[in-house]
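I opened my notebook for a first look at this structure. Come along and have it in view as you read.

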Amino acid sequence: MTDRYILAIESSCDETSVAVLKNDTELLSNIIASQIESHKRFGGVVPEVASRHHVEVITTCIEDALAEAEVAASDLTAVAVTYGPGLVGALLVGMAAAKAFAWAHGLPLIPVNHMAGHLMAAREVKELTYPLMALLVSGGHTELVYVSAPGDYHIVGETRDDAVGEAYDKVGRVMGLTYPAGREIDELAHKGQDVYDFPRAMIKEDNLEFSFSGLKSAFINLHHNATQKGEELVLENLCASFQAAVMDILMAKTKKALERYPVEMLVVAGGVAANQGLRERLVEEIIDVDVVIPPLRLCGDNAGMIALAAAVEYAKGNIASLDLNAKPSLVFEGVEG
């Protein structure tokens, strides 16, 4: 059997990444050029700055990914690219590079939903069994996704307002923590106690939807009021209380989804899947279902996860034409070709 090699490109936000996947499962390279240092001073991602950085490094990332994988362009089977959701300018840079590369080398182009990439990163851990439930938690998304078969995704619950990662970054900014704040809040939470009574929105409602704006507002109000009164808040306790509220919401909705959709496997993926508090709660509370979490290196945005998702799409025959356009608000109901 001839070996298959997929070159994958990810540029949906502030990470420029290119990976090479061999025979659907073996990541030979996964180059990531991070922009965090550039965005730190703004306390968040500036779309125009992100796009410019992608332009500066995308060609080098492709060259480095091929070199590290010891694969030539002539060895490749296909090119995969994230076409949504994400920042439109950032997406267009990666797509332009992928389409040019595919055209120049006569290769098919595989369109990949960014969130499918997060989910399929779990393939690095073990073979996935279907149907399965997925909890996708990142800076831009909080979703419960029912996957009935490879590549067949259906959202069964999502946030009505802020994504969980977005809430982490916003409260982190209020506390003066460095962007991105999720990791630092997680570390501080493990040193504090849940002493502040933050709301758990919609936790008792009989649906699979999330809401974090009320929690975020309650946190900000508490912090601002204390500052105005000259009262000192314990940073570790603030973080512990905020994280406890987030985890209570995530766990309640996830357990409700597992009751409603009986499956044997739960995939938890996205940048917030790196959160140690979430991992601990999953181990403690999800007993009868096989919980699969991608390795830390595949939790954040990276092209390795796009390659793993692309292998599934390629097997389905999902090939795009070169007029494929970016879809910054791409809905996660199957991947459009």
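These are my entries, starting with the ground rules.

**Ground rules.** This is a predicted model, so I noted that local features need pLDDT of at least 70, side-chain atom pairs count only at pLDDT 80 or more, and totals for chains, interfaces and linings use all residues. Residues are numbered from 1 along each chain as its sequence is written, and side-chain values use heavy atoms, with hydrogens and water left out.

**Strand β5.** I looked up β5, residues 109-113, and found five of its five residues buried. (Buried means under 20% relative accessible area, with a 1.4 Å probe and protein chains only; strands, E, at least two residues, and helices, H or I, at least four, are DSSP runs numbered from the N terminus.) Leu109, Pro111 and Asn113 are covered on one side, Ile110 and Val112 on the other. In a regular strand the side chains alternate between the two faces of the sheet.

**Its partner.** β5 pairs with β4 (residues 78-84) in the parallel sense, over five bridges; two strands pair if DSSP finds at least two bridges between them.

**Helix α3.** From β4 the chain passes through α3 (residues 88-105) to β5, a right-handed β-α-β crossover. The buried residues of α3, including Leu91, Met95 and Phe101, pack against β1 (5-10), α2 (47-69), β4 and β5. Glycine 106 follows α3, with a positive phi near 65 degrees.

**The core.** Which residues have the most contacts inside the largest nonpolar core? I found Ile185, Phe212, Phe242, Val246 and Leu250, in a core of 44 residues. (A nonpolar core is a set of buried Ala, Val, Leu, Ile, Met, Phe, Trp, Tyr and Cys residues joined through side-chain atoms within 4.5 Å.) The largest share, twelve residues, comes from α8. Leaving aside neighbours within four places in sequence, Phe242 is in contact (heavy atoms within 4.5 Å) with Ala167, Tyr168, Val171, Ile185, Phe198, Leu215 and Phe219.

**The open sheet.** Last, I read the strand order of a five-stranded open sheet as β8-β7-β6-β9-β10, with mixed pairing. Four bridges join the parallel β6 and β9, and leucine 135 has valine 268 in β9 as its bridge partner.

Key:
Buried means under 20% relative accessible area, exposed over 50%, partly exposed in between (1.4 Å probe, protein chains only). A crossover is right-handed if, with the strands pointing away from the viewer, the path from the first strand over the helix to the second runs clockwise.
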